[in-house]
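Reader: I would like to learn how to read a fold from a model. Please show the structure and go through its features in turn.

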Amino acid sequence: MNFIEGSPQASEVTMTQLVLPSHTNNLDTVFGGTIMSWVDIAAAICAGRHCKKDVVTASIDALHFLAPIHKGWVVEIKARVNFVSNKSLEIGVIVDGFEPRTNIKHHTASALLTFVALNEDKTTSSVPPLVIDSDEDKRICDEALKRKAYRLTQKKNLLKSRS
Ligand SMILES: CC(C)(COP(=O)(O)OP(=O)(O)OC[C@H]1O[C@@H](n2cnc3c(N)ncnc32)[C@H](O)[C@@H]1OP(=O)(O)O)[C@@H](O)C(=O)NCCC(=O)NCCS
């Protein structure tokens, strides 16, 4: 399907994984770190698609694991651009697990990640604007703007407490 260049839909990523024994913990469910890695990869691909540049993960907001995903299940990780700022962008990720054969879906996690775009010399780069053409995308954008301020305050407080 053709999407408008620069829209959230144009850079959306859907990554599908089969849970193999190497992905699991001693309970035969997916190891949390594996999910975190898949979330970061799907989000980085999405951010890179939008920016058309290298990106680095600047921060990841709280990640809650709401339901286990078992060995042999299929995992779908969906990432989309929520909001674009000057040099950074917020990516929203949804992780769902699917039972094999029945395809019953279990929502497992949601995550919000911020990426920063880089120039070839590794300095931080501006990010192309996000083309919004629906009320829903506008709402998502407005909410992300509020989260950005909170996140940067948290970083500032963290740096202050370490100095
Ligand atoms: C992320 C990084 C590039 C930010 O560097 P910096 O010197 O703080 O950059 P700047 O102050 O110029 O800020 C650049 C952008 O990052 C945003 N930013 C910086 N730290 C952030 C954080 N912790 N969370 C969210 N956004 C952040 C700023 O708001 C700014 O975006 P804006 O212009 O849209 O407002 C730098 O800290 C870094 O390289 N960190 C390591 C990244 C990494 O290795 N990630 C893991 C592997 S990919």
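Author: Start with the inventory of elements. This is a predicted model, and its chain holds two helices and five strands.

Reader: In what order do the elements of the chain run from the N terminus?

Author: The order is β-α-β-β-β-β-α. The radius of gyration of the chain is 17 Å, close to the 15 Å that the globule rule gives for 163 residues, so the chain is as compact as a globular protein of that length. The C-alpha trace spans about 50 × 45 × 30 Å along its principal axes.

Reader: What share of the 163 residues counts as buried?

Author: Here 29% of them do, where a residue is buried if 20 or more other C-beta atoms lie within 10 Å of its own. As for contacts between residues at least 6 apart in sequence, 71% join residues at least 24 apart.

Reader: How should I read the sheet?

Author: The general idea concerns pairing. Strands of a sheet pair through backbone hydrogen bonds, either parallel or antiparallel. In this case, five strands form an open sheet in the order E1-E3-E4-E5-E2, with antiparallel pairing.

Reader: Which strands stand at the edges?

Author: Strand E1 (13-18) and E2 do; each has a single partner strand, so one side of each is left without a neighbour in the sheet. From one strand to the next, the twist averages 30°.

Reader: Over how many bridges do E4 and E5 pair?

Author: Strand E4 (residues 88-98) and E5 pair over eleven bridges, in the antiparallel sense. To place this pair in the model, find Phe98, which stands opposite Lys105 in E5.

Reader: Which strands does H2 touch?

Author: H2 packs on the sheet and touches E2, strand E3 (74-84), E4 and E5. The direction of H2 makes about 85° with that of E3.

Reader: Now the ligand. Which residues around the ligand come nearest?

Author: Of the 14 residues around the ligand, the nearest are Ser59, Ser85, Asn86, Lys87 and Ser88.

Reader: Which elements each supply at least two residues of the shell?

Author: They are strand E2 (54-60), strand E5 (105-118) and helix H2 (135-162). E2 gives the largest share, four residues. So the edge strand E2, which H2 touches, also contributes to the shell around the ligand.

Reader: How do the shell residues divide into nonpolar, polar and charged?

Author: Four are nonpolar, seven are polar and three are charged.

How values were computed:
Residues are numbered from 1 along each chain as its sequence is written. This is a predicted model: local features need pLDDT of at least 70, side-chain atom pairs count only at pLDDT 80 or more; totals for chains, interfaces and linings use all residues. The radius of gyration is taken over C-alpha atoms; the globule rule is 2.2 Å times the number of residues to the power 0.38. A residue is buried if 20 or more other C-beta atoms lie within 10 Å of its own, exposed if 12 or fewer, and partly exposed in between; C-beta atoms are placed from the backbone. Two residues are in contact if their C-beta atoms, placed from the backbone, lie within 7 Å. A residue is near a molecule or strand if its C-beta atom, placed from the backbone, lies within 6 Å of it. Ala, Val, Leu, Ile, Met, Phe, Trp, Tyr, Cys and Pro count as nonpolar, Asp, Glu, Lys and Arg as charged, and the others, Gly among them, as polar. Two strands pair if DSSP finds at least two bridges between them. Axes are lines fitted to C-alpha atoms, for helices over the stretch in contact, and angles run from 0 to 180 degrees between N-to-C directions.
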